[in-house]
Amino acid sequence: MSVPKQYLDPEIECSSADEMRQIQSERLKHMVKHAYENVPLYKERMKDMGVSPDDIHSIDDLHKLPFTVKDDLRNTYPFGMFAVPKEELVRIHASSGTTGKQTVVGYTKNDIEVWSRSVARALTSIGTTKSDYVHVSYGYGLFTGGLGLHYGAEYLGATAIPVSSGNTKRQVQILQDYGSNILCCTPSYAMYIGETAREMGIDTKQLPLRAGFFGAEPWTEHMRQELEAILNIKAYDIYGLSEIAGPGVAFECPAQQGMHINEDFFYPEIIDPDTEEVLPDGEFGELVFTCIGKEALPLIRYRTRDICKLERGTCSCGRTLVKMCKPKGRTDDMLIIRGINVFPSQIEAVLLSLNMDPNYQIVVDRANNMDRLEVQVEMTASMFQDTLKSLTEIERKIAAALQSILNISAKVRLLEPKSIPRSEGKAKRVIDNRHLQ
Amino acid sequence: MQLKQISVFLENKSGRLSRVTQILKEANIDILALCVADSNEYGIVRMIVDKPAKAMEELEKSKFTVSLTNVIGVTIPDSAGGLATVIDLLAKQNISMEYIYAFTSRKIGEAIIILRVEDTQSAIEILTDHHVKLITHNEIIRE
């Protein structure tokens, strides 16, 4: 057996900091000029700020440039921020638009190459080779998941199996009959595939499946362990957003400690979401990306709303690509309770640390000018003993953990199982009843 | 010498207890005794039924949180002082009680009390030593 290649682009993935900065600086200069000349919104915004492309000499000048937000894409719906003529476009994708008007993104031939190469680096990092079958159970369509992983697998020379999502028994059948080696889908769907295989009486240890990339929704370390156990694989996180490219903007390596950002294409910054000031490495703030390798939609300082931190250095996998942590929340999910920032994911972590299922909902309201936080937790059979005393004790334990870990005081309330409404499998975690002007 | 009691966690919302009794009715399960402990927000319904395993299965199928608890059932004379004698026996030996409720069984024709104590084994020994009659599941099911 040949030893699988570790890196697709070793000269990039393991470059020195100076080499990387040089690439980034060159690309940024080129890209800013392109955006200025072809996207009216950028020309206008830069003029307002008194900045011209000539003021950008290196990546250090990035802070001089304006930010871009999701509403900019919505306000110019559908194609207002595209920087190339129609004949150069080869692909359109769009966000689901569940929280407002859709955002539409376009790609040139070269953009697809940049994106596919990013995904191929990710796949190579987890040991995918040309002789592997890559089973893609992300949805195919306007959503970037399916085609993103598909093109990445083909770019690498592996065999893409475009199963798309749904028909889970057939998924399991294909995993078994074709002998898929790598699975790509959302973590919750991967879990469902694992459970279905078990129900069908299939021993996942007998399958050739080795690893998987799971993204497009937040998931926890706890879920990784469950996925790895039920499918008998290594489970890796992959990050992306359609505005920037799609999945593959960042990916986990075998170290499973943070995701390497393809920073030669997507330059990251962390800012304070309120002051918009750039924060140093290691500090949590909002993740911002500048596309420095793309033509059709060259977004400058795009605010992702993901709360994250960056880490530089040489990883145990050998890569020097900057790493981002799993986003710990979204700026739009962030609750400020009596001045303390709270993310639903932190509540989840507290429940997991108490060995409780993270089926919860957070209700905030305000009485007498004081924020009140109620954390509602669904009961499970394993938590239930038949005395009121024991139930009060569970509530006290959760409240004490929230207090000591997150420094917030909350009222805890136990609910019957499945009483938190779930839509399409996703539960609404936060109900904010504070009506502030 | 213990009885199986079904305990169900319920939120204090209208219609929840009705749902439980409806499920048991549809499964043709007979409730012999029932008591409710409640706080402001939730309650625990405790029941002695003729088919505890079946009741648990049906309730879990409808997503209720259910547990099966071992409790002690003793018969006492249905007359003044009947309960006092038994409680006194346990109190003297420092057996602390979690909860207690009572019902009468047509079949036995006597009052029955259900006890949940912290130390079940010691309680059983004390009661048997003092000739208190512990009842079994089969003794109370109606034919």
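1. In this predicted model, the centres of domain 1 and domain 2 of chain A, taken over C-alpha atoms, are separated by 31 Å. Domain 1 of chain A is made of two segments, 10–16 and 76–330, while domain 2 covers 335–432.

2. The interface between these domains involves seven residues of domain 1 of chain A, in contact with six residues of domain 2 of chain A. Together the two domains bury about 500 Å², and carbon and sulfur atoms account for 66% of that area.

3. A separate point concerns two helices. Helix H2 (residues 17–38) and helix H3 (residues 40–49), both of chain A, have axes that come within 5 Å and cross at roughly 105°. Angles of 65 to 115 degrees count as roughly perpendicular, and H2(A) and H3(A) are therefore roughly perpendicular to each other.

4. From H2(A), the residues making this contact are Val32(A), Ala35(A), Tyr36(A) and Asn38(A). H3(A) contributes Pro40(A), Tyr42(A), Lys43(A), Met46(A) and Lys47(A). Sorted by class, the contact of H2(A) with H3(A) has six nonpolar residues, one polar residue and two charged residues.

Definitions and conventions:
Residues numbered from 1 in each chain as written. Chains lettered and ligands numbered in written order. Predicted model: local features only at pLDDT ≥ 70, side-chain atom pairs only at ≥ 80, totals over all residues. Heavy atoms only, no water. Axes fitted to C-alpha atoms, helices over the stretch in contact; angles between N-to-C directions. Helix = DSSP H or I, 4+ residues; strand = E, 2+ residues; numbered from the N terminus. Parallel < 35°, antiparallel > 145°, perpendicular 65-115°, else oblique. Contact = heavy atoms within 4.5 Å. Nonpolar A, V, L, I, M, F, W, Y, C, P; charged D, E, K, R; others polar. Domains from an automatic or database assignment. Buried area = accessible area lost by both parts, 1.4 Å probe.
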